[in-house]
Amino acid sequence: MDTGQSPEQHSGGNDGGAESASRPAVDLMHRLGQVNEADANIFEWGSIQGLCSGDLFADAQQTFGYVRILPGQKNPQHYHPNSDEMLLLLEGELHHSLDDQSFHLRPGMSIHIPQGVLHDARNQGEVTAHMIVAYPTNDRRVVMNEEGQE
């Protein structure tokens with residue numbers, strides 16, 4: 001429905017706009033992202049593309065990204081000192097390690113990685129593994145335990 005109002009003006013609720021009037025003005029027209037290999041950080045093992053973070057949106061409260069791991073490859077073992085991680089596998093299969101445990105993931109499965117836990121993912125399949133990763137911080141940090149800079 002076209003209200004004739006710009007996104008900044010439309011309150012979206014029944015509060016008469018009182019809540020939106022108290023929020024700082026935000027440029028809502030530049031909030032869209034798209035998975036695109038050209039915008040990703042490319043590595044020998046695959047790629048990572050940030051879709052939301054404090055670097056992309058100053059007011060972001062989380063980090064959200066898209067990761068690909070090529071067949072026969074693995075990302076370097078690492079941990080996140082300032083947040084946990086959620087991973088949702090969309091396509092392919094992974095063997096995901098958490099410290100000394102390993103989990104076999106298939107499409108539609110997710111895994112929670114606690115803050116500070118060493119982890120990596122190995123794609124032993126024949127197709128590229130595609131996944132979404134999310135962190136409850138706008139400034140996801142990573143400490144590498146193996147070569148293969150992120």
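**View 1. A charge over a ring: Arg-140 and Tyr-135.** A charge counts as sitting over a ring if NZ of Lys or CZ of Arg is within 6 Å of the ring centre and within 35 degrees of the ring normal. In this predicted model, Arg-140 and Tyr-135 make such a pair, with the charged end of Arg-140 placed 5.2 Å from the centre of the Tyr-135 ring.

**View 2. The largest nonpolar core.** Here we're looking into a core of 18 residues, the largest nonpolar one. The members that touch the most others are Val-67, Ile-69, Leu-87, Leu-89, Leu-94 and Met-131. Two or more residues come from each of β3 (63-69), β5 (85-91), β6 (94-98), β8 (110-113) and β10 (129-135). The top contributor is β10, which gives four.

**View 3. Around Leu-94.** Zoom in on Leu-94 and set aside its neighbours within four places in sequence. What is Leu-94 still in contact with? The list runs to Ile-69, Leu-89, Phe-103, His-104, Leu-105, Ala-121, Arg-122, Asn-123, Ala-129 and Met-131. Ile-69, Leu-89 and Met-131 turn up again from the core view, where they are among the members touching the most others.

**View 4. One aromatic pair.** The count of aromatic pairs comes to one. Phe-43 and Trp-45 are the partners, and the pair is stacked because the ring planes are at 0 degrees, with the centres 5.1 Å apart. Both Phe-43 and Trp-45 are buried.

**View 5. Asp-59 meets Arg-31.** This is one of five salt bridges in the structure, with N to O at 3.1 Å between the two side chains. The partners sit 28 residues apart: Asp-59 belongs to the loop between β2 (46-52) and β3, and Arg-31 to the loop between α1 (18-22) and β1 (41-43). Asp-59 is partly exposed, at 39% relative accessibility, and so is Arg-31, at 32%.

**View 6. A buried bridge: Asp-120 and Lys-74.** The closest N and O atoms of this salt bridge are 3.0 Å apart. Asp-120 lies in strand β9 (residues 119-122) and Lys-74 in the loop between β3 and β4 (78-79), so this pair, 46 residues apart, links distant parts of the chain. Are the two partners buried or exposed? Both Asp-120 and Lys-74 are buried.

View 7. Asp-139 and Arg-141 form a salt bridge, their closest N and O atoms 2.9 Å apart. Asp-139 is partly exposed, with a relative accessible area of 34%, and Arg-141 is partly exposed at 46%. Elsewhere, salt bridges with shared partners tie Lys-74, Asp-120 and Glu-146 into one network.

Terms used. Residues numbered from 1 in each chain as written. Predicted model: local features only at pLDDT ≥ 70, side-chain atom pairs only at ≥ 80, totals over all residues. Heavy atoms only, no water. Core = buried A, V, L, I, M, F, W, Y, C linked by side-chain atoms within 4.5 Å. Buried < 20%, exposed > 50% of the residue type's maximum accessible area, 1.4 Å probe, protein only. Contact = heavy atoms within 4.5 Å. Phe/Tyr/Trp six-rings, centres within 6.5 Å; stacked < 30°, edge-to-face > 60°. Salt bridge = Lys/Arg side-chain N within 4 Å of Asp/Glu carboxyl O.
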